[in-house]
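Before turning to single residues, please look over the sequence and the coordinates shown here.

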Amino acid sequence: AADISDQITTVLVTEEDIREKLAEIAARVAVDYAGKDLLLVGVLKGAVMVMADFARALPMVVPMDWMAVSSYGSGTKSSGVVQIRKDLDTDIHDKHVLIVEDIIDSGLTLSWLLENFASRGAASVEVFALLRKPEAAKVHVESKYVGFDIPTEFVIGYGLDYDEKYRNLRDVAVLAPHVYS
Ligand code: PRP
Ligand code: MN
Ligand code: MG
């Protein structure tokens, strides 16, 4: 396999960090949603890895649906325009929805999604974001579960891409600026 050590500057969150955090959050979610009709909604494509591992860390049977939205295209900055590329298959009316996201950066994607879901009559809508960049927020997003707060740097791996690459890295790392500048 190609050595990518010259394409990253720092590993921020390791595979092991993620495994431990997902177990913690899964235990909280199992308690918080006991007896409730929970639906996990993963946001494609970034949330693929966290959704797969988080769902399997949960101690109960839970349905999973997917929404595909995109705001970044091939750049490193959010365009602010969120496009639906694939809508939910599930009617979320009266469901307790937990949106699973890889990252809250500017917050634009999730604030748009939360508004979109609010109009569909869900019993509740909450967010689990594995990563959050507190200093990059352009809009505030209420996230009930957050894995790690990270600095304002362009990160890749564990689902996060630059120009569709690096999603399959096991850790979350900072992309070396020479790759995109
Ligand atoms: C990325 C990431 C989040 C969103 C966060 O998705 O996966 O969904 O941006 O950024 P924001 O808080 O500034 O809106 P992207 O649009 O790159 O699509 P992808 O998941 O297919 O990579
Ligand atoms: Mn995404
Ligand atoms: Mg992306």
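Q: Is A136 buried, exposed or partly exposed?
A: The model is a predicted one, and in it A136 sits in the loop between β6 (124-132) and β7 (145-149). A residue counts as buried with 20 or more other C-beta atoms within 10 Å and as exposed with 12 or fewer. Because A136 has 16 other C-beta atoms within 10 Å, the residue is partly exposed.

Q: Which residues is A136 in contact with, leaving aside its neighbours within four places in sequence?
A: One approach to A136 comes from S106, which is 30 residues apart along the chain although the two C-alpha atoms are separated by 5.3 Å. Leaving aside neighbours within four places in sequence, the contacts of A136 are D105, S106 and T152.

Q: Which residues touch the most other members of the largest nonpolar core?
A: Elements that give two or more residues to this core include α1 (15-32), α2 (48-57) and β5 (96-104). L98, not counting residues up to four places away in sequence, touches V29, L38, L40, E126 and F128. Among the 42 residues of the core, those touching the most other members are V50, L98, I99 and V100.

Q: Which residue in β9 is the bridge partner of I156?
A: Strand β9 runs antiparallel to β1 (residues 8-13), to which three bridges join it, and β9 also pairs with β8 in the antiparallel sense over two bridges. For I156, the bridge partner in β9 is A173.

Terms used:
Residues are numbered from 1 along each chain as its sequence is written. Chains are lettered from A and ligands numbered from 1 in the order in which they are written. This is a predicted model: local features need pLDDT of at least 70, side-chain atom pairs count only at pLDDT 80 or more; totals for chains, interfaces and linings use all residues. Helices (H or I, at least four residues) and strands (E, at least two) are DSSP runs, numbered from the N terminus. Two residues are in contact if their C-beta atoms, placed from the backbone, lie within 7 Å. A nonpolar core is a set of buried Ala, Val, Leu, Ile, Met, Phe, Trp, Tyr and Cys residues joined through C-beta atoms within 7 Å. Two strands pair if DSSP finds at least two bridges between them.
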